[in-house]
Amino acid sequence: MLKKIIPTACAALMVTSVSLPTLATNDVSSVGIKISGSKTWSAECTMEKPNGKTRTLERQGRGHRSSKSFTGNRVQGGLCEVNIPDGADVKVTFVSRPSMTCPFGDEAKACEARLKPGQSVFTFGGGTVVEAYNQKQVASIK
């Protein structure tokens, strides 16, 4: 029964959050991330609560049109790593309510992105997980 409720709740979250105002980084949202694609891909998402506690979830896609979701309530921010094999076609859809800024940029239609083979990382919202990743990226540029 729970397996039927979760996809329905996730779909409702995706439909109802299209045009809501953007949150400041210290606010919280309910977050839904759906990853779908071909071949055997893997993803790990870490979501951070306002109290600093984190929750890391892992998902694997296996084969044609495989689709997996990550959801979290009272999320301040987070980071997802997606590993995609050569020749795979993987799409990520991000939704939040109230709305966070789309991690794929302003031009991303309905906050979706097609990811290229290799490892892709994206962050959303704020918090220490996002700050640590951003500092690591700045350090690697120097």
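Student: In which loop does Lys39 lie?

Tutor: Lys39 lies in the loop between E1 and E2. The model is a predicted one, in which local features need pLDDT of at least 70 and side-chain atom pairs count only at pLDDT 80 or more, while totals for chains, interfaces and linings use all residues. Residues are numbered from 1 along each chain as its sequence is written, and side-chain values use heavy atoms, with hydrogens and water left out.

Lys39 has a positive phi of about 60 degrees, although it is not a glycine. Its relative accessible area is 42%, and Lys39 is therefore partly exposed; buried means under 20%, exposed over 50%, and partly exposed in between, with a 1.4 Å probe and protein chains only.

Strands (E, at least two residues) and helices (H or I, at least four) are DSSP runs numbered from the N terminus. Seven of the nine residues of E1 are buried, so this strand is largely enclosed by the rest of the structure.

E1 belongs to an open sheet of four strands in the order E4-E1-E6-E7, with antiparallel pairing. E4 and E7 stand at the edges of the sheet, each with a single partner strand, so one side of each is left without a neighbour there. On average, neighbouring strands of this sheet are turned by 15 degrees against each other, direction ignored; axes are lines fitted to C-alpha atoms (for helices, over the stretch in contact), and angles run from 0 to 180 degrees between N-to-C directions.

The pairing of E1 with E4 is antiparallel and extends over eight bridges, where two strands count as paired if DSSP finds at least two bridges between them. Within E4, Ser67 is opposite Ser36, and Ser66 is opposite Gly37. E4 also holds Arg74, whose phi is near 55 degrees, a positive value in a residue other than glycine. Arg74 counts as exposed, at 52% relative accessibility.

E1 is likewise joined to E6 by eight bridges, and these two strands run antiparallel. Val31 has Ser96 as its bridge partner in E6. Another residue of E6 is Thr93, which counts as buried at 11% relative accessibility. Neighbours within four places in sequence aside, Thr93 is in contact (heavy atoms within 4.5 Å) with Gly32, Ile33, Lys34, Ala110, Cys111 and Glu112. In the loop between E6 and E7 is Pro98. A cis peptide bond, with omega about -10 degrees, joins Pro98 to Arg97.

The next topic is the interior. In soluble globular proteins, nonpolar side chains tend to be buried together. Here the largest nonpolar core has 25 residues, and those with the most contacts inside it are Ile33, Ile35 and Phe124. Such a core is a set of buried Ala, Val, Leu, Ile, Met, Phe, Trp, Tyr and Cys residues joined through side-chain atoms within 4.5 Å.

The protein chain has two helices and eight strands, arranged along the sequence in the pattern α-β-β-β-β-β-β-β-β-α. Of its 142 residues, 38% are buried. Among contacts between residues at least 6 apart in sequence, 71% join residues at least 24 apart. The chain averages a pLDDT of 82, and 79% of the residues score at least 70; pLDDT is the predictor's confidence in each residue, from 0 to 100. Over residues 4–25 the pLDDT is below 50, and this stretch has 29 contacts in the model beyond near neighbours in sequence.
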